[in-house]
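Student: Could you take me through the aromatic rings in this one? I'd like a close look at how they pair up and what sits over them.

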Amino acid sequence: MKKDEPETASLNTKMFNNIAHNYDFVNQIISLGLDKRWRKRAMKSIVTAPGVKILDLCCGTGDWTMLLAKKSNGQGIVTGLDLSSEMLHLCRKKSNKNKINNIKLIRADVISLPFENEVFDYITIGFGLRNVKDKNLALKEIYRVLKPKGTFICLETSIPNNYFVNRLFSFYFTKVMPVIGGAISRNFSAYKWLSRSTFEFYAPIELRKKISEHGFTSVNYEAYNGGLVSVYISSK
């Protein structure tokens, strides 16, 4: 096992608890402020209506959860789910501060969702699937709790195909990002591991195939900023 790699889901959760309080600030720095723009673009396919049910997986401190709640204009319920209690604590504080009342928060694992079958109209996961230990089981669970004709939206980093963008991306994520994240959070091992999880994750064509293999249809993806990030939108 590599030195900085968490052995189990519990250690992974402990890592996110440790970096939670600086997580938003670090993300803003690392993404050059583009992370919120990526989320807003990814939400274009969401059509809100009274009673709409949205599940935001690996919700972290709740940036996307709150965007989803605001988009629903109070007409629907957005459930944010994460294993990190510290991340959920910060998400709750932010939603209370912004007076967003249509959010429910649950501490649970993506590979064992505490819901009945076919509950949600939309399920989102942003920059979280790559950190899930059993991705196949996670996708199986997502498919199970999604309603027929429901939409699954996955936003993830991806390795750019363009040679020069790829070289810049590789240098930034292996040399710069771990140093910045580690210095701010005082947890260098966490950001080294997060950097490595990006490079060990599926290429876009592989993730599209993986999503399709679990029963999703019309799996489309769109690359943002030269392929640094991609959004995958599929149906049940």
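Tutor: Let's start with phenylalanine 201, which is buried at a relative accessible area of 8%; buried means under 20%, exposed over 50% and partly exposed in between, using a 1.4 Å probe and protein chains only. One caveat: this is a predicted model, where local features need pLDDT of at least 70, side-chain atom pairs count only at pLDDT 80 or more, and totals for chains, interfaces and linings use all residues. Residues are numbered from 1 along each chain as its sequence is written, and side-chain values use heavy atoms, with hydrogens and water left out.

Searching the whole structure turns up 7 aromatic pairs. Rings of Phe, Tyr and Trp (its six-membered ring) pair if their centres lie within 6.5 Å; planes under 30 degrees apart are stacked, over 60 edge-to-face, and the rest tilted. Phenylalanine 201 and tyrosine 202 have ring centres 5.3 Å apart and planes at 55 degrees, so that pair is tilted. Tyrosine 202 is partly exposed, at 22%.

Tyrosine 221 and tyrosine 232, by contrast, are stacked, with 5.6 Å between centres and 20 degrees between planes. Tyrosine 221 sits in strand S6 (residues 217-224) and tyrosine 232 in strand S7 (residues 229-235), so the pair ties together parts 11 residues apart in sequence; strands here are DSSP runs of E, at least two residues, numbered from the N terminus. Tyrosine 232 is buried at 1%, while tyrosine 221 is partly exposed at 33%.

Then there's an aromatic cluster made of Tyr143, Phe152 and Phe216. Lysine 236 lies over the face of tyrosine 143, 4.6 Å from the ring centre; that takes NZ of Lys or CZ of Arg within 6 Å of the centre and within 35 degrees of the ring normal. Arginine 41 lies over tyrosine 224's face too, at 3.9 Å from the ring centre.

Conventions:
Helix = DSSP H or I, 4+ residues; strand = E, 2+ residues; numbered from the N terminus.
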